Amino acid sequence: MNSKFFPTYKLIEVEKQALKEFVQKNLKLKRIRPLQLLIKYSILFIPKKNGQLRLCINYRQLNSITKKDRYLLPLISKIQDRIGNAKIFTKIDLKWIYHQIKIKEGNEWKKAFRTSKELFKPIVLQFKFTNTPATFQRKINSVLEKHLNEFVITYLDNIIIYSDLEEEHKKHIKWVLKKLHNENIPIAIEKCKFHTRKTDFVGFIIKLG
């Protein structure tokens with residue numbers, strides 16, 4: 001099989017620095033490994049809401065030949081219906097969600113990416129691979145399955161906990177946080193909102209009462 005390279009994108013200085021930090025951090029955390037193999041996809045950066053840069057791998061060619069995972073993400077309208085007449089809720093924002101799932105051993109080379117000088121293979125799932133969202137949605141649903149749609153709803157890295165009573169809500173939060181802790185799924189505490197009646201949720205405003 002011949003080696004296949006995809007063109008690299010020209011990076012501005014701030015992106016070069018972000019790439020250097022990404023590589024150093026993820027090598028240290030053992031999320032990527034250096035290699036020289038057959039397919040090397042190019043990388044690009046997408047700005048995040050907080051002004052930071054998210055590294056993405058251009059998987060368009062791989063995505064086009066990948067069998068799609070049809071696991072459905074929940075509809076916002078259904079989420080609002082589930083919340084119903086709840087009186088209080090909490091939003092939990094997760095971080096590094098795709099890094100919680102390892103790529104099947106022996107398949108890492110299929111998702112290899114290149115910088116201007118080096119080649120790496122990811123050990124965990126990466127942003128922009130077609131089946132990554134469905135794979136994580138399935139995982140987080142399985143983690144919280146016992147009380148899913150009873151007092152907790154998930155949408156990728158967003159979790160809504162909803163309750164009728166304050167004391168009941170504290171127990172619900174404790175249960176969810178314990179499950180996440182047991183699975184080593186970290187939360188972005190600065191993005192979470194506890195014991196509130198209004199919050200943003202995947203681009204929508206959810207308000208109780």
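**Figure 1. Exposure of Glu167 and its pairing with Lys170.** In this predicted model, Glu167 counts as exposed, at 51% relative accessibility. Its partner in a salt bridge is Lys170, and the closest N and O atoms of the two are 3.2 Å apart. Lys170 is partly exposed, its relative accessible area being 42%. Both Glu167 and Lys170 belong to helix H5, where three residues, about one turn of the helix, separate them.

**Figure 2. The salt bridge between Asp69 and Arg138.** The side chains of Asp69 and Arg138 meet at 2.9 Å, N to O. This pair links distant parts of the chain, 69 residues apart: Asp69 is in the loop between helix H2 (60–64) and helix H3 (76–83), and Arg138 is in helix H4 (residues 132–143). Asp69 has a relative accessibility of 25% and therefore counts as partly exposed. Arg138 is likewise partly exposed, with a relative accessible area of 35%.

**Figure 3. The salt bridge between Lys139 and Glu183.** A salt bridge joins the side chains of Lys139 and Glu183, with an N to O distance of 3.7 Å. Because Lys139 lies in helix H4 and Glu183 in the loop between helix H5 (166–182) and strand S11 (193–196), the pair ties together parts that are 44 residues apart in sequence. Glu183 counts as partly exposed, at 37% relative accessibility.

**Figure 4. Salt bridges in the model as a whole.** The count comes to four salt bridges, including that of Asp69 with Arg138 and that of Lys139 with Glu183. In general, side chains of opposite charge can pair when their charged atoms come close.

Note on methods. Residues are numbered from 1 along each chain as its sequence is written. This is a predicted model: local features need pLDDT of at least 70, side-chain atom pairs count only at pLDDT 80 or more; totals for chains, interfaces and linings use all residues. Side-chain values use heavy atoms; hydrogens and water are left out. Helices (H or I, at least four residues) and strands (E, at least two) are DSSP runs, numbered from the N terminus. Buried means under 20% relative accessible area, exposed over 50%, partly exposed in between (1.4 Å probe, protein chains only).
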